[in-house]
Amino acid sequence: MGTRRLFVPVFALLSGIAWLALLLWEQSPYGRYLDHGKWTDIGLAGAICRALPAGDVLLPALIYAGGWMLMIAAMMLPTSLPLFRRFDRLARARPDRGWLLGLLIAGYLLAWAGFGVAAHLLDGAVHAATRQSGWLLANGWVLGTAVLATAGMFQFSRLKYRCLDKCRSPLGFIVQHWRGRGPWRSAFRLGLHHGLFCVGCCWALMLLMFAVGTASVGWMLALGAVMAIEKNAAWGARLSRPLGAVLLLVAGLVAGTNLLA
């Protein structure tokens with residue numbers, strides 16, 4: 001079997017391993033560490049945090065980074081398979097083909113890692129504000145509703161569709177960004193640029209993970225499937241507005257239910 005025929009099965013195997021690792025992690029006694037809100041208070045991680053200088057910052061950050069990158073590998077890499085396949089075909093005659101593809105994926109993951117850092121800092125700030133506000137502690141539904149409403153409104157924005165158009169045109173994106181001069185640097189920058197547009201397209205949906213629970217593999221799978229359809233299915237772009245309407249409806253129902261309770 002040729003290398004070209006092996007690409008999709010190997011890529012699917014790697015994605016499957018990432019999903020399996022997340023599922024086993026969730027089901028294990030350490031599943032609580034995927035939900036990073038109490039890392040500094042519980043179990044072995046809590047003991048290490050208390051023992052090490054700045055342990056309550058460094059260890060949660062390291063565990064969070066590992067869990068986040070595993071989650072991104074499982075959820076987002078499959079959504080960009082058309083880009084990786086086309087680039088693999090473009091570079092198939094090059095002796096450094098494997099390195100170029102690896103650098104492309106590394107650049108893509110770096111963009112999502114940057115978003116992960118920002119989301120982690122935002123989540124930490126929200127938790128800090130909640131601990132200082134008795135009203136927020138008693139009305140935690142407000143934060144979940146705000147995330148749902150933000151994700152819903154973003155589905156109607158121009159930025160969403162500009163980034164989605166880029167994600168849905170992998171060949172055009174490669175032609176626009178691949179220069180061939182300094183191929184290793186170009187491959188990494190290509191992956192980084194595509195990752196940034198992918199973040200721009202999907203960041204609001206990814207924030208839903210903080211509302212439904214970052215440790216929920218079921219929700220990861222559902223959101224990953226939605227984003228893959230949006231980016232790759234022929235009719236995927238037509239899904240965005242109905243999905244936004246559903247998210248706004250759910251946000252309204254959650255708010256109404258809690259206000260009337």
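In these legends, a residue is called buried when its relative accessible area is under 20%, exposed when over 50%, and partly exposed in between, with a 1.4 Å probe and protein chains only. The model is predicted, so local features need pLDDT of at least 70 and side-chain atom pairs count only at pLDDT 80 or more, while totals for chains, interfaces and linings use all residues. Residues are numbered from 1 along each chain as its sequence is written, and side-chain values use heavy atoms, with hydrogens and water left out.

**View 1. The protein chain holds 12 helices and zero strands.** Helices (H or I, at least four residues) and strands (E, at least two) are DSSP runs, numbered from the N terminus. Of the 261 residues in the protein chain, 42% are buried.

**View 2. R85, R86, R89 and R92 form a positive surface patch.** R86 belongs to helix α4, residues 81–90, and is partly exposed, with a relative accessible area of 38%.

**View 3. M153, F156 and L248 make a nonpolar surface patch of about 270 Å².** L248 sits in helix α12, residues 240–260, and this residue is partly exposed at a relative accessible area of 32%.

**View 4. Helix α9, residues 170–177, has P170, F173, I174 and H177 buried.** Seen down the axis of α9, these buried residues fall within an arc of 100° and so line one face of the helix; the arc is that of the directions from the helix axis to the C-beta atoms.

Definitions and conventions
Patches are made of residues with over 30% relative accessible area and no salt bridge: like charges are joined within 9 Å, nonpolar side chains (Val, Leu, Ile, Met, Phe, Trp, Tyr) within 5 Å. Accessible areas come from the Shrake-Rupley method with a 1.4 Å probe; for residues, only the protein chains shown count as cover. A salt bridge is a side-chain nitrogen of Lys or Arg within 4 Å of a carboxyl oxygen of Asp or Glu. Lys and Arg count as positive and Asp and Glu as negative; His and the chain ends are not counted. The place of a charge is taken as NZ of Lys, CZ of Arg, CG of Asp or CD of Glu.
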